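Here is a walk through one structure, region by region. Keep the viewer open and click along.

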Amino acid sequence: MSLDISPHYPVMLNEVIKSIKPNNKNTIVDCTFGCGGYSKKILEIFPNYQIIAIDRDPSVKKFADTLNTSFKNRLKFINDKFSNLGNIIRNYQDDISYFIFDFGISSFQLDNYDRGFSFNSEIKLDMRMGHNTISAYELVNEAPLEDLNSIIKIFGEDSDHKKIAKEIVQIRKNKTIHTTKELRNTILKAKGNRYFKKDPCTKTFQALRMIVNQELSEIFNALKKTIELSKTNTGITTVTFHSLEDRIVKKIFNISKDLEKNPSRYLPKITPNAEQSYIQKMSNKAIKPTDNEIATNPRSRSAKLRSIIKMGNDKININRKDLKMERLFELEEKYAG
Ligand SMILES: C[S@@+](CC[C@H](N)C(=O)[O-])C[C@H]1O[C@@H](n2cnc3c(N)ncnc32)[C@H](O)[C@@H]1O
């Protein structure tokens, strides 16, 4: 069946579908439903599966409704943040076969000028995906200089972080920075008249968006809950686009594996063989999109797919401090409201 529900291009769709190894359970949780690209394919090729589709953005419900009409209500849409997974899946835990995460923002959100994500609109700065406490307007106009500097440095990895933060604070002395275009002009002024291969505003916009949506804390809390609560033979597949997202996923997957190996730091190290392992990585290295996909959809070029299967029911306890990324989480928490 071919059903065009949106112009969105689902990144690494073939690889995500390949990572799903059907078992005797019948529910897949699409934790980042978006325009439903993954969900649609799963409904098409796994007729026995139902989907729990989560998205914090209420505006994507229309895509879920379209899929339900075509696939006989096999999809349940939940408008919530995936950090609330514990509550969302409480009644389905035994049936869940896979969790799928496709982090970040969708082109549907980016291309919608009213949402205040894109560089050049005269719309008020916003960047909220849904279920937020602050918007980019508040962050840009109220955060102190040192926080703006750290946010652009750590989350944006922009080497001009000091200049940009200073320019924002300078402009703010006379007027508020209202629109995305005004923020763009502020960043361009700070950067001076230089040539940039990529748009010089990308990194700052991305950093602000990550704080507004608490993106890294969301990933940590969701993966922690998913790994802790999943039952035997449950898979988790993630697609990341940003180096910090990927670092969190990689560390959590590794820590979970190590915790299982060394249940207590006070016990001698044991190294189980593959059959004894509770977390099985589907591949050691992240899988990347093919050259073909990158040519068709350049946005996919930074994507990385990682996938694990939890092989036992044992409760694993993941401690955030073990990721050694506390500064990032603390900065996000400061703006969590
Ligand atoms: C890259 S898009 C997913 C695209 C989807 N795989 C598809 O094929 O259409 C990411 C989606 O995740 C949602 N999202 C981001 N962070 C979220 C969170 N913390 N909780 C729930 N949804 C989130 C966004 O609103 C967006 O719709």
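## A loop residue to start from

Leaving aside its neighbours within four places in sequence, Gln-93 touches Leu-229 and Lys-231, where contact means C-beta atoms, placed from the backbone, within 7 Å. You'll find Gln-93 in the loop between α4 (85–88) and β4. Helices here are DSSP runs of H or I with at least four residues, strands are runs of E with at least two, and both are numbered from the N terminus. Gln-93 counts as partly exposed because it has 14 C-beta neighbours inside 10 Å. For that scale, buried is 20 or more other C-beta atoms within 10 Å of a residue's own, exposed is 12 or fewer, and partly exposed is in between, with C-beta atoms placed from the backbone. Lys-324 sits 231 residues from Gln-93 in sequence and 30 Å from it in space, C-alpha to C-alpha.

Two housekeeping points before going on. Numbering starts from 1 along each chain as its sequence is written. The model is predicted, with local features needing pLDDT of at least 70 and side-chain atom pairs counting only at pLDDT 80 or more, while totals for chains, interfaces and linings use all residues.

## The sheet

Seven strands make up an open sheet with mixed pairing, in the order β3-β2-β1-β4-β5-β7-β6. At the edges are β3 (75–79) and β6 (279–281), each pairing on one side only. Neighbouring strands are turned by 15 degrees against each other on average, direction ignored. Pairing takes at least two DSSP bridges between two strands. As for angles, axes are lines fitted to C-alpha atoms, for helices over the stretch in contact, and angles between N-to-C directions run from 0 to 180 degrees.

Now for the pairs themselves. β2 and β3 run parallel and are joined by five bridges, and Ile-51 stands opposite Leu-75 in β3. β4 and β5 also pair in the parallel sense, over five bridges, with Ile-236 in β5 as the bridge partner of Phe-99. β5 then pairs with β7 (residues 304–310) in the antiparallel sense over seven bridges; there, Thr-240 has Lys-304 in β7 as its bridge partner. Helix α2 lies across β1 (27–30), β2, β3 and β4 (96–102), at about 175 degrees to β2.

## How covered is β5?

How many of the seven residues of β5 (residues 234–240) are buried? Seven of the seven are, and the strand is mostly covered. Thr-234, Ile-236, Thr-238 and Thr-240 point one way, Gly-235, Thr-237 and Val-239 point the other way, and all are buried.

## Around the ligand

There are 21 residues around the ligand, and Pro-10, Thr-32, Gly-34, Gly-37 and Ser-106 come nearest. Being near here means that the C-beta atom, placed from the backbone, lies within 6 Å of the molecule. The elements giving two or more residues to this shell are α2 (37–45) and β2 (50–55).

By class, the shell has seven nonpolar, eight polar and six charged residues. Nonpolar covers Ala, Val, Leu, Ile, Met, Phe, Trp, Tyr, Cys and Pro; charged covers Asp, Glu, Lys and Arg; the others, Gly among them, are polar.

## Two domains

The domain assignment gives domain 1 (13–102 + 215–313) and domain 2 (112–212), with bounds that come from an automatic or database assignment. Their centres, taken over C-alpha atoms, are 31 Å apart. Eight residues of domain 1 are in contact with five of domain 2. On the domain 1 side, the residues touching domain 2 are three nonpolar, no polar and five charged.

Phe-205 is in helix α10 (residues 202–212) and counts as buried because it has 22 C-beta neighbours inside 10 Å. Glu-44 is 161 residues from Phe-205 along the chain, and their C-alpha atoms are separated by 36 Å.

## Two positive phi values

Most residues other than glycine have a negative phi. Asn-73 has a positive one, near 55 degrees. Asn-73 is in the loop between α3 (61–70) and β3, and counts as exposed because it has 9 C-beta neighbours inside 10 Å.

His-131 also has a positive phi, near 60 degrees, and is placed in the loop between α5 (107–110) and α6 (136–142). With 17 C-beta neighbours inside 10 Å, His-131 counts as partly exposed.

Conventions
Contact = placed C-beta atoms within 7 Å.
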